[in-house]
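Subject: Structure for your review

Dear colleague,

Please find below the structure that I am handing over to you. The findings follow it, grouped by topic.

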Amino acid sequence: MLELAADLLPMLEAGTPVAAVTVTRVIRSAPRGVGATLAVTADARVIGSLSGGCVEGDAVMLGLDALRTGEVRRGSFGFAGPDDAIVTAGLACGGAIEVVAYPIDGTAPRVRAALQRAAAGRESAIDLDLGDGTTLELRRRSRPRLIVLGAGEHAAALCRVGAAAGFAVTVCDAWALLVTRERFPEASDLVVATPHEYLASLEDPDERTAVCVLTHDERLDVPAIRTALRLPVGFVGAMGARATVARRAALLRQAGVTDAELGRLHSPPGPRPRGGDPRGDGPLGDRRDRRGPARRERAPAERDRRPRARECRGELRRPDPGDGPMTALVIRDAVAVVEAEGRVRTGDVVAVDGVVVDTPAPADATVIDASGCVVTPGLVNAHHHLLQTAFRTLPGTRGIPMREWLPAMASAYAAAGVDPELTGIAARAGLAEALLSGVTTVADHHLTWPSGADTVGMARAAAAAAADLGARLAFVRGAARDDPQEAALSAEAIAAALVDGQPGGVSADGMLQVAVGPAGVHSDPRETFALLAEVAERRGLRRRTQANEVVDVEIALDRYGRRPLDLLEDWGWLARDVTLAHLCGVTDDEIARLAAAGVTATHAPGCDVPMGWGVAPVAKLRDAGIPVGLGTSGGGSNDAGHLLADARLAMQVSALVGPQVAASTVLAMATEGSADGLGRPELGRLTPGSAADLCLWDVAGVADAGVADRVAGLLWASPGRRPRTVVVAGRVVVDDGCLVSADEREITARLFERVGR
């Protein structure tokens, strides 16, 4: 009876009379053992089975008789041989069973409690007085528990499989509209709660409990996994592609999860491959088990014959596709390796499948000679306007107030006609410039959206340019005097087209991210900020905007009688998912409020200084605990997308508003500081588990002669230096100072052709 609890309870609660037929003895063999139960209602609805069909008909009749009379009925069924009539009930396996049929008293508290425990998958037992001097002892061990966190389609499939395998499946999600019996008919329990809070309240977790995290949203994944790993459960698994696993591992470590705890995590869920490492800090096991035979090791001379884009002009741009994908890379003999702020070392950098690892290099790894070079993480440009790459040094746009600069630029945009073609061409030029100057990730705050334009096509064009060159792109659907409703609908459509269902708005391979953000309170009303915030919350996107440009302060005071940060605070835009660019002239009180709100900041001196806005107090911001990144802003104000040059400028002008910021600190701003503002802790670092985005900076030339600190010299010496080699996700995208997948001359010519200059 207890094995049918989940089906019996609704019937009994509805007042439906039900009788059960239970096996009490097995002689020799039988399809099912003692305790197997079949239930039947007065209208002959049957639940369960005694024998898989051999004696079910007679058992049903026995149950109906018990239901009709209200009395216990007993029966036995033996072997049915070839000479028995076709209608004779019997077991073809040669054994015999004895059964008892009895009405179930659904009103008895003991019976209801036992059924409820069994239906919930917990251990349950009850002794039934059959009224004829005998007692039927029913026992049901608790089923192993499968706790599925997240109520998406993967969860529905896992629920079906888990229930079929005998697990008591609990599905938990924070969204009530997803956690329904219609979507999860096989689940034993449905819970509407925040996953980590539900896990913390779990009763008696043990080694027969499995937890599978399928929320696929790092805001929910990280606290849920952290909680699960600290419970005495037998299995913890989490869904995610390789890039997601590495990113999540970095976030878990930041949340205090130890390597020992991470060692319990199966990600993706399932059995581990031989030698595999579940922690997400790189493919430390033998990937060849899953990828077929390992490639043979190439001799040095053979490596030299591999096609490489050493000439900046010509047809050769890509390695031979027949060579196969690069799975392992070693950067060897560098002068110094900058892992993160305050962490500089010598030795190799090893990357496997695009992730930095702390294990020896595989035998078939490709080796890059870094002698004479400093190796840094790939730079992260946290604030760019790639469209403006097509509108640099325009007459009448230099040395004028921003209130005049804005309409001058708008006129140029209108004359050129901003559409997907121009968006893609300008992005391609800006991203090529970025890679050639050591920037591996660009946050493109796109603010120009002509009414009725194909906004999704524009976003796709920028994303395609990044994919073709091998750069990472964070595409920010901005707004500047746009209709609020149109801006929000466009942002929703762009997120759906590019990163639908991806946690944090980041693609599975980590190469594309989508965020939202108005240009600032000087151009957009409260409604635009509110509607884009709703899109961000619904889609899990980061938010970005600009604050305290001179015109921003002037218009805010004139229009609202308040400063920009006061408005942003009232409008809900001082929060942990928000990054603010510029922040010139912020007060000590405003800095304290920014720190308390948990915002991140982006310094853009290459724009702020020539536009006459001032210099952001970087040292004060950092001292207050505000993460600060670095951006170039757009070509309409800066005219260059060279982040290392702007890092040098940031270092030099910092002394005008406080203590001079050290070169190592500014380099950290241009890498991990910018990455943190994007919510991407796997970027901007070369620690184990980080993405293998890196640059080789040649410091062996005369420009670095006499430099004592080679890392500081990257900023102090040789203004405008370019890296020799750039690697993104373990793939070489710049080799000997030239793009691997494109010709920069062709990119330049195409841009001039499009804008008619």
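A729 lies in the loop between β30 (725-728) and β31 (731-735); helices (H or I, at least four residues) and strands (E, at least two) are DSSP runs, numbered from the N terminus. The model is a predicted one, in which local features need pLDDT of at least 70 and side-chain atom pairs count only at pLDDT 80 or more, while totals for chains, interfaces and linings use all residues. Residues are numbered from 1 along each chain as its sequence is written, and side-chain values use heavy atoms, with hydrogens and water left out.

The phi angle of A729 is near 55 degrees, a positive value in a residue other than glycine. Most residues other than glycine have a negative phi. A729 counts as buried, at 15% relative accessibility; buried means under 20% relative accessible area, exposed over 50%, and partly exposed in between (1.4 Å probe, protein chains only). T393, in the loop between β21 and α11, also has a positive phi, near 50 degrees. Its relative accessibility is 55%, so T393 counts as exposed.

**Overall content**

The secondary structure comes to 24 helices and 32 strands. Of the 757 residues, 55% count as buried. Of the contacts (heavy atoms within 4.5 Å) with a separation of 6 or more, 69% are between residues 24 or more positions apart.

**Aromatic pairs and charges over rings**

Rings of Phe, Tyr and Trp (its six-membered ring) pair if their centres lie within 6.5 Å; planes under 30 degrees apart count as stacked, over 60 as edge-to-face and the rest as tilted. By this rule the count comes to 5 aromatic pairs. In one of them, F391 and Y413 have ring centres 5.1 Å apart and planes at 80 degrees, so the pair is edge-to-face. F391 belongs to the loop between β21 (379-384) and α11 (402-416), and Y413 to helix α11, so that the pair links distant parts of the chain, 22 residues apart. Both F391 and Y413 are buried.

W449 and F475 form an edge-to-face pair as well, with 6.1 Å from centre to centre and 85 degrees between the planes. Because W449 lies in the loop between β22 (439-446) and α13 (455-469) and F475 in strand β23 (residues 472-479), this pair ties together parts that are 26 residues apart in sequence. W449 and F475 are both buried.

F529, Y560, W571 and W573 are linked by ring pairs into a cluster. The charged end of R543 sits over the ring of W573, 4.7 Å from its centre.

**H642**

H642 is found in the loop between β28 (628-630) and α21 (643-653) and is buried, with a relative accessible area of 14%. Two polar contacts may be noted; the term covers a pair of N or O atoms within 3.5 Å, where within protein one must be able to donate a hydrogen and the other to accept it, and residues adjacent in sequence count only if both atoms are side-chain atoms. The side chain of H642 reaches the backbone nitrogen of A645 at 3.1 Å, and a polar atom of that side chain lies 2.8 Å from the backbone oxygen of R721. Leaving aside neighbours within four places in sequence, H642 is in contact with E433, S437, T632, G720, R721 and R722.

An open sheet of 6 strands runs in the order β10-β9-β8-β11-β12-β13, with parallel pairing; two strands pair if DSSP finds at least two bridges between them. β10 (189-192) and β13 (265-266) stand at the edges with a single partner strand each, so one side of each is left without a neighbour in the sheet. Strand β9 (residues 168-173) pairs with β10 over 4 bridges in the parallel sense, and the bridge partner of C172 in β10 is V191.

V23 is placed in strand β1 (residues 18-27) and counts as buried at 1% relative accessibility. V23 and A36, 13 residues apart in sequence, are 5.5 Å apart in space, C-alpha to C-alpha. Not counting residues up to four places away in sequence, V23 touches G33, V34, G35, A36, L50, I97, E98 and V99.

Yours sincerely

Key
Lys NZ or Arg CZ within 6 Å of the ring centre and 35° of its normal.
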